[in-house]
Amino acid sequence: MSPLWIAILLVAAVSFTIKAAGPALLGNRPLPVRAAAVIALIAPALLAGIVVTDFAGPSWTEADWTVAAGLSAAAITYLFRAPVLVCVAAAVAATALLRAFV
Amino acid sequence: MATTESGYAAGLRVGLGLGVPTFVMAVTFGAMTHSLGWGILAPVACSLLVFSGSAQFAMATAFAGGGGVGLAVGAAAMINARFLPMGIAVAGDLKGGRLRRALEGQAVVDASWAAAHKGNGRYDREKMFSATLVQLPAWVLGTLLGALTAPSDEIIHRFGLDVVFPAFFLVLLIDEIRVSARARLVAGLAAALAAGLVLVVPVGLAIIGSGAAALLGLRTAKAVTAK
């Protein structure tokens, strides 16, 4: 087997294990209040981290003002209660137009 | 996502919405790996078996950078380590014994997991399942299309398609922080942590590091119940 296929199978196995660990080990035991409070905040924390790293890239090498403008368009349209897909389309349109004309 | 809609049908709707950006990302992955000499079968198998965009991109990047199997697997594992806290968060809302829960936990992918969040750490299991099931074919078929047609980075850049994923996650984030001041505080801290960490550590580690902001919940758990 080539190194590429070995890597693919290993990454698949590692991903499976990571995703299985929490549910298999914790089961449905009720969590202490403090742990539950932390867990409730994991979603906003990780989402903020994903958005920032997606935008910045490794060592901020991929930061791009046209992407920032597109993200602003998505946020503004969403705050005006547009459907999610419309917001994403607004972001794509804003970024593409700025790249084409500015 | 703090919506009132729940269950399989709601997940299907979310999944169809997610299908578009997922498909676009997958095309990018297929194109990138094809240009790295992976051929057609390996990218598609990778998408089917791993089913995690960020981990697959990390793995491909590590390989392209001359890293061996160890580095590629290590990079993907670091990126995917975020599924550990995500899995812990949903654990209480899954069903069955250990094995069944371990299998149900495989439905955790970023967007489905975030969309299934009902608030206060509770998750809509059915919504997460159907949202994930819709994304899988979009991910695999997109990879196949990318590997077959190999569109250039330049095309993706020109049409602004690289903004699709962050825009999607931003909208999910807005849903989370709309409902509570504490979530806004945590998200702000997490963003600052990620912005700083990404300067010194790989992206995957920076995301995990930003998750540490959730520990603010320890301090404010007893005091804050209102907005």
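The conversation below takes up one term after another.

Mentor: This is a predicted model, in which local features need pLDDT of at least 70 and side-chain atom pairs count only at pLDDT 80 or more, while totals for chains, interfaces and linings use all residues. Residues are numbered from 1 along each chain as its sequence is written, and chains are lettered from A and ligands numbered from 1 in the order in which they are written.

Trainee: How do you know that the radius of gyration of chain B agrees with that of a compact globule?

Mentor: The radius is taken over C-alpha atoms, and the globule rule is 2.2 Å times the number of residues to the power 0.38. For 227 residues a compact globule would have a value near 17 Å, and chain B has 18 Å, so the two agree. Along its principal axes the C-alpha trace of chain B spans about 55 × 40 × 40 Å.

Trainee: What makes a residue of chain B count as buried, and what percentage of the chain do such residues make up?

Mentor: A residue is buried if 20 or more other C-beta atoms, placed from the backbone, lie within 10 Å of its own, exposed if 12 or fewer do, and partly exposed in between. Buried residues make up 56% of the 227 residues in chain B.

Trainee: What makes a set of residues a nonpolar core, and which members of the largest one touch the most others?

Mentor: Such a core is a set of buried Ala, Val, Leu, Ile, Met, Phe, Trp, Tyr and Cys residues joined through C-beta atoms within 7 Å. The largest has 112 residues, and Ala74(A), Ala91(A), Met59(B) and Ala167(B) touch the most other members. Leaving aside residues up to four places away in sequence, Ala167(B) touches Gly70(A), Leu71(A), Ala74(A), Cys87(A), Val88(A) and Ala91(A), contact being defined by C-beta atoms, placed from the backbone, within 7 Å.

Trainee: How many residues does each chain give to the contact between them, and which element of chain A gives the largest share?

Mentor: Chain A gives 64 residues and chain B gives 87. On the side of chain A, the largest share, 20 residues, comes from α1(A), a helix covering residues 3-26, where helices (H or I, at least four residues) and strands (E, at least two) are DSSP runs numbered from the N terminus. Chain B, by the same rule, has 13 helices and two strands.

Note on methods:
Contact = placed C-beta atoms within 7 Å.
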